[in-house]
Amino acid sequence: MDGRDIGTVVLPKADVKIFLTASAEVRAKRRFDELLQQKGDKTPYAQILAETKQRDKQDSERAIAPLKQAADAVLLDTSGDTVEQSVNAILDIVRRKLG
């Protein structure tokens with residue numbers, strides 16, 4: 001299950017928690033590529049980056065269920081990773097935690 005408050009609010013007692021992240025720039029580029037390739041949407045990268053940063057700010061500062069890493073979550077920054085590398089890193093964490 002994924003979401004911005006899963007580890008802290010929805011499933012605070014989960015056996016495995018991963019705080020999956022990437023830089024705003026990388027997330028915006030991934031979204032830019034996805035929109036262009038799948039939908040032909042030509043929203044400028046700069047706009048997507050600004051929207052990504054604004055969403056992060058809003059989610060981090062909201063009063064109820066703010067975006068934050070659970071104390072017992074493993075931080076996984078996938079900024080430089082391919083999808084396959086990210087999946088393998090997640091599986092490694094799950095195996096170590098549930099081993």
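The structure is a predicted model, in which local features need pLDDT of at least 70, side-chain atom pairs count only at pLDDT 80 or more, and totals for chains, interfaces and linings use all residues. Residues are numbered from 1 along each chain as its sequence is written, and side-chain values use heavy atoms, with hydrogens and water left out.

Helices H2 (residues 24-39) and H3 (residues 45-61) have axes that come within 9 Å and cross at roughly 125 degrees. Helices here are DSSP runs of H or I with at least four residues, strands runs of E with at least two, numbered from the N terminus; axes are lines fitted to C-alpha atoms over the stretch in contact, with angles from 0 to 180 degrees between N-to-C directions. H2 is therefore oblique to H3 (under 35 degrees is roughly parallel, over 145 roughly antiparallel, 65 to 115 roughly perpendicular and the rest oblique). Contact, meaning heavy atoms within 4.5 Å, involves residues including Ala28, Phe32 and Leu35 of H2 and Ile48, Leu49 and Thr52 of H3.

A search of the whole structure finds one aromatic pair. The ring centres of Phe32 and Tyr45 lie 6.4 Å apart with planes at 90 degrees, so the pair is edge-to-face (centres within 6.5 Å; planes under 30 degrees apart are stacked, over 60 edge-to-face and the rest tilted).

Turning to the loop between strand E2 (74-77) and helix H4 (83-98), Thr78 lies there. Thr78 counts as buried because its relative accessibility is 5%, whereas Tyr45, at 29%, counts as partly exposed (buried is under 20% relative accessible area, exposed over 50%, partly exposed in between, with a 1.4 Å probe and protein chains only). Beyond its neighbours within four places in sequence, Thr78 is in contact with Leu20, Thr21, Ala22, Arg30 and Ser86.

Note on methods
Phe/Tyr/Trp six-rings, centres within 6.5 Å; stacked < 30°, edge-to-face > 60°.
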